[in-house]
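Subject: Structure handover

Hello,

Here is the structure you asked to take over. My notes on it follow below.

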Amino acid sequence: MDLRHIILDGFKSGKLAFKSLNEIPRVLRLSPSYKKSVKATIKQLCAEYVIIKDGSGHYSTPEQAGAFCAKVKANPQGFAFLIPDGKAERENDYFVPKRRLNGALDGDRVYAVPLRGTEDEATVIKILERGKRFVVGRLQIERHAGYVLPDDRAFDSDVYIPHSLLHGANDGDKVVAEITSYPKGKPVGGKVVEILGEDGDFFTEEDAIIRSNGLRTEFPEFVETTAQRVAEEQVVLHGRRDLRELLTITIDGADTRDIDDAVSLEIVDGKYRLGVHIADVSHYVKLNGCVDKEAYERGTSVYFPDRVLPMLPKALSNGACSLNEGENRYAMSCFMTFDFEGNKLDGELCESVIRSDKRMTYDETTAILNGEKPESDYPLIAPMLRNMEKLCLLLEGKRKAAGEVSLDVKEAHIYLNERGEIFIPDYDRTVSHRIIEQFMVSANETVAGIAEKRKAPFLYRIHEKPAPEKASLLYGFLRDLGVNAKGDCDNARPADYQKILNTVADKPYASVVNKVMLRSMQKARYSEENAGHFGLASACYCHFTSPIRRYPDLFVHRVLKEILHGTLEQTREKYTVIAKKAAVDSSDRERVADAVERDVDDLYKIAYMSDRIGEECDAVVSGVTESGIFAELANTIEGYIRFDSLPYDKYEFYPEKFMLKGGRHSYRLGDRLRVKVAGCDLGTRRVQFVLSEQSSSDGKTQ
């Protein structure tokens with residue numbers, strides 16, 4: 001038997017598993033003269049990935065080492081996390097220091113092995129697929145070549161561009177570079193494929209954020225053509241329930257163009273009969289068709305103050321699928337019956353044709369309910385709105401009794417007026433927003449229950465309970481605030497979190513407790529397995545109500561139709577396979593979309609505040625670090641106050657208490673301050689504050 005087979009047999013039998021190069025000859029009882037041959041054979045077997053070497057220099061088969069495929073999620077500080085295939089981010093991640101990445105970069109798909117002796121560290125042993133094809137950044141031209149310095153600092157390599165491939169770009173331009181090579185030990189190579197504009201220009205920076213995250217800005221021509229063709233289809237009943245005479249309205253923002261949902265409410269036999277009617281996108285977008293594949297890749301519509309990157313072409317999103325006033329539209333209608341105490345008595349689902357009687361806005365609806373608009377102008381709609389408000393209050397009470405964690409965390413609403421001026425009003429959540437929220441949640445729970453009862457392959461929206469260590473930090477923070485909160489950190493319950501919110505509701509630090517509580521909770525995600533929704537205190541939940549802008553909702557509609565048509569058993573296997581992959585991919589796309597929307601919102605906030613340099617504002621401490629503090633204005637704009645601009649003191653940082661404490665001054669979450677706008681940095685998308693003279697002199701005296 002030759003040496004290769006002897007070594008292979010040794011590994012397969014387990015005799016050589018996790019042995020070092022020096023140990024292998026001894027275990028095989030080979031003479032020292034075989035040392036070089038053993039080394040060469042091991043090297044060849046590693047090159048073929050028949051055996052692998054872990055981070056501690058020991059060899060094994062991939063199976064023995066627990067090798068796995070994963071995606072690299074890098075950090076600007078050089079280290080990274082590996083997200084195993086089929087897992088969502090932060091679910092069984094592995095930590096990898098820079099030295100064990102072995103050339104892998106952010107977004108790459110790799111082959112890795114866990115580091116022996118640890119529970120959550122790994123070593124990259126092979127790069128399977130490069131994750132980025134394009135990099136966006138500022139071009140720096142030097143004598144012999146140009147370099148693109150990536151905006152995404154997690155991508156740990158500049159892009160080398162020969163002068164011949166600059167394609168007209170100048171020093172200081174913001175460009176898109178296509179990566180063409182990955183030379184070992186050197187910066188990646190590439191070429192300029194798009195010049196976005198001058199680095200630091202507002203709209204250039206917005207385009208750069210969108211391009212950096214690989215969002216699709218245009219639809220392929222054949223997708224647009226297909227969407228246009230199917231959108232021209234005439235709406236006919238085809239055995240659907242005819243609901244065109246049912247009084248139905250939509251309630252959305254004034255600038256909404258893709259209207260997913262409509263609502264109706266009747267009093268029937270002394271009970272509320274609520275109808276939630278959702279655009280039947282699945283009628284137009286067929287599984288595995290070109291429009292469907294494009295929608296899957298996008299995953300979700302992405303919204304910016306000046307534009308929308310829709311999941312579906314406009315012929316569908318703003319046209320045939322949008323529940324526009326006075327237009328016949330295909331819908332999936334969920335009817336729910338509630339008694340006058342808010343108890344749900346039953347729920348049913350049907351395919352329908354509806355015709356919205358009136359497009360209402362949130363502001364208009366709120367004005368009617370607050371008596372600011374005469375009800376006589378809405379003789380049919382106003383009484384229905386009054387009943388909707390009553391049912392909303394009943395549903396809110398029921399959810400509160402069930403333990404719903406109703407966080408009041410502010411979200412910025414950024415608008416552009418006709419002159420292109422940025423407008424950011426103070427945060428306001430009105431009764432009309434609450435009505436739609438309660439009705440949509442009720443519909444989502446109802447259809448999720450239908451699917452679970454049939455054990456259908458499905459995409460649930462799950463929100464797992466907080467991790468014990470995060471819950472412990474929350475309770476520690478509350479104790480420092482003097483809040484007597486009780487709860488089991490190892491088994492957090494929604495009701496315990498709700499009691500905390502009720503306890504602090506009228507306290508000045510209530511908004512801060514909401515924020516800290518949010519940080520203690522896990523991120524909601526999609527899953528093919530039902531795990532309940534902690535925040536809603538719901539045992540079974542899904543996303544059903546926005547199929548124009550979210551792919552999981554479109555998937556849910558398809559499965560529900562299989563149930564309605566009695567064809568689920570024939571299609572169960574197909575949808576089971578799709579659900580598992582779609583759960584991970586949809587969660588990933590949602591995470592990217594949320595991050596891009598936040599980054600662009602931050603850009604607009606910077607532009608808005610740049611016209612307010614020198615102004616003084618009231619603010620609340622929203623974050624504390626050892627190098628400074630963050631302060632938030634009433635309109636949700638957050639600014640940074642550097643450590644060296646705080647009043648002189650000997651400060652100590654207490655991260656678990658979210659506090660920067662000195663001998664004479666201290667700053668912690670929830671403290672009220674008076675700040676002055678000192679500067680704005682487009683590059684870092686950060687507003688700089690300084691304390692006003694009043695805050696500097698008053699401080700927080702110990």
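Which backbone nitrogen lies 3.0 Å from a polar atom of the side chain of Thr361? It belongs to Glu364. The pair falls under polar contacts (N or O atoms within 3.5 Å; within protein, one must be able to donate a hydrogen and the other to accept it, and residues adjacent in sequence count only if both atoms are side-chain atoms).

Before the rest, the ground rules. This is a predicted model, in which local features need pLDDT of at least 70 and side-chain atom pairs count only at pLDDT 80 or more, while totals for chains, interfaces and linings use all residues. Residues are numbered from 1 along each chain as its sequence is written, and side-chain values use heavy atoms, with hydrogens and water left out.

Thr361
Thr361 is part of strand 21 (residues 358-361); strands here are DSSP runs of E, at least two residues, numbered from the N terminus. With a relative accessible area of 19%, Thr361 is buried (under 20%; exposed is over 50% and partly exposed in between, with a 1.4 Å probe and protein chains only). Neighbours within four places in sequence aside, Thr361 is in contact with Ile251, Asp252 and Ala254 (contact means heavy atoms within 4.5 Å).

Strand 4 (residues 80-84) has four of its five residues buried. Strand 3 (residues 68-74) runs antiparallel to strand 4 and is joined to it by five bridges; two strands pair if DSSP finds at least two bridges between them. In this pairing Lys73 is opposite Phe81. The two strands make a hairpin with five residues between them, and Gly78 in the turn has a positive phi of about 110 degrees. Strand 4 is also joined to strand 5 (residues 94-96), again antiparallel, by three bridges, with Ala80 opposite Val96.

Strand 27 (residues 628-632) pairs with strand 28 (residues 638-642) in the antiparallel sense over five bridges. Gly628 has Arg642 as its bridge partner. Five residues sit between the strands of this hairpin, where Thr636 takes a positive phi near 80 degrees. Strand 28 runs parallel to strand 33 (residues 686-691), and two bridges join them; Gly639 is partnered there with Val687.

Pocket and cavity
Both terms come from a 1 Å grid over the protein atoms alone: a cavity is a set of points where a 1.4 Å probe fits but cannot get out, a pocket is an open set with protein on both sides within 12 Å along at least five of seven lines, and lining residues have an atom within 4 Å of a point. Points are joined across faces, edges and corners, and a volume is the space filled by probe spheres set on them.

The second largest pocket holds about 530 Å³ of space. It is lined by 29 residues, of which Asn102, Gly103, Ala104, Leu105 and Arg130 are the closest to its centre. Strand 7 (residues 122-129) gives the largest share of this lining, four residues.

There is one cavity of 30 Å³ or more, and the largest cavity has a volume of about 60 Å³. Its lining consists of Lys132, Phe134, Val135, Val136, Pro150, Asp152, Phe155 and Ser212. Strand 8 (residues 134-141) gives the most to that lining, with three residues.

Regards
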